[in-house]
Amino acid sequence: MATEIRNSTIAFFDIPARSYVQQAIFIVAGTLVLALASQISVPMVPVPITMQTFAVTMIGALYGWRLGTLTVLAWLGEAMIGLPVLAGLKSGIAPFIGPTAGYLVAFPVMAALVGFVTERSVTGERPVAGFLLHLLANTLCLALGWVWLAGVIGAEKAWIAGVAPFILGAVLKSALAASVLKAASLRRKNAA
């Protein structure tokens, strides 16, 4: 199994071979990337369009499922304790019980899914499979977000406000993720 992981995209950072201190530094760096990606947004009500999902899936792909999930959970923990790391510099408990709660709950699941599959089979050298994996993760996020939002504002309104406007963005962010991972794979191959 170690050979499989070393051949995956996460070998770009060689995280499994890093010390716990170095992995902690990766977690902190990942939470900073997530906080910055959260601020790249198009304001919409009740859910803004952000680059959060792109950052979440990329962290899963580059960090692997364990460290990727820990990173996303640490970022959500930062938000819960009051650090302004979510979209619109939001923090506290309110985002976790308001309209965006389903999406927030989906984020660590997305990182785990992408990281797990990337570690085993979908590397940057397979961009079509990478696109489909990231799209699946984004679809999962939209589905979980819709379920929660439907409980808050009703199923039809949740679809109109919380899913439909994000479908094109999910496709574009998935394509961007696959492209970035392909470029990282080529860079790693050229450096070898």
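Reader: What makes the meeting of the R120 and E119 side chains a salt bridge?

Author: A salt bridge is a side-chain nitrogen of Lys or Arg within 4 Å of a carboxyl oxygen of Asp or Glu. For R120 and E119 the N to O distance is 3.0 Å, so the pair meets the rule. By this rule the count comes to 1 salt bridge.

Reader: Where do such values come from?

Author: This is a predicted model, in which local features need pLDDT of at least 70, side-chain atom pairs count only at pLDDT 80 or more, and totals for chains, interfaces and linings use all residues. Residues are numbered from 1 along each chain as its sequence is written, and side-chain values use heavy atoms, leaving out hydrogens and water.

Reader: Why is E119 called buried?

Author: Buried means under 20% relative accessible area, exposed over 50%, and partly exposed in between (1.4 Å probe, protein chains only). E119 has 5% relative accessibility, so E119 counts as buried. R120 has 28%, so R120 is partly exposed.

Reader: How do you know that L89 is exposed?

Author: The relative accessible area of L89 is 53%, and exposed means over 50%. L89 lies in the loop between α4 and α5. Its phi is near 60°, a positive value in a residue other than glycine.

Reader: Is L83 buried, exposed or partly exposed, and why?

Author: L83 has 39% relative accessibility, so L83 counts as partly exposed. L83 also lies in the loop between α4 and α5. L83 is in contact (heavy atoms within 4.5 Å) with E78, K90 and S91, leaving aside neighbours within four places in sequence.

Reader: What makes α2 a helix, and how does its span compare with the expected one?

Author: Helices (H or I, at least four residues) and strands (E, at least two) are DSSP runs, numbered from the N terminus. Helix α2 covers residues 20-39 and has 20 residues. The expected span is 1.5 Å times one less than the number of residues.

Reader: Which elements do the buried residues of α2 pack against?

Author: They pack against β1 (41-42), β2 (49-50), α3 (52-63) and α4 (65-80). Among the buried residues of α2 are F26, I27 and L34. Q23 has 17% relative accessibility, so Q23 counts as buried. Not counting residues up to four places away in sequence, Q23 touches I15, P16, R18 and L67.

Reader: What makes a set of residues a nonpolar core?

Author: A nonpolar core is a set of buried Ala, Val, Leu, Ile, Met, Phe, Trp, Tyr and Cys residues joined through side-chain atoms within 4.5 Å. The largest nonpolar core here has 43 residues, and V72, W75 and F107 have the most contacts inside it. α3 gives the most to this core, with 8 residues. Leaving aside neighbours within four places in sequence, W75 is in contact with residues including T31, L34 and F107.
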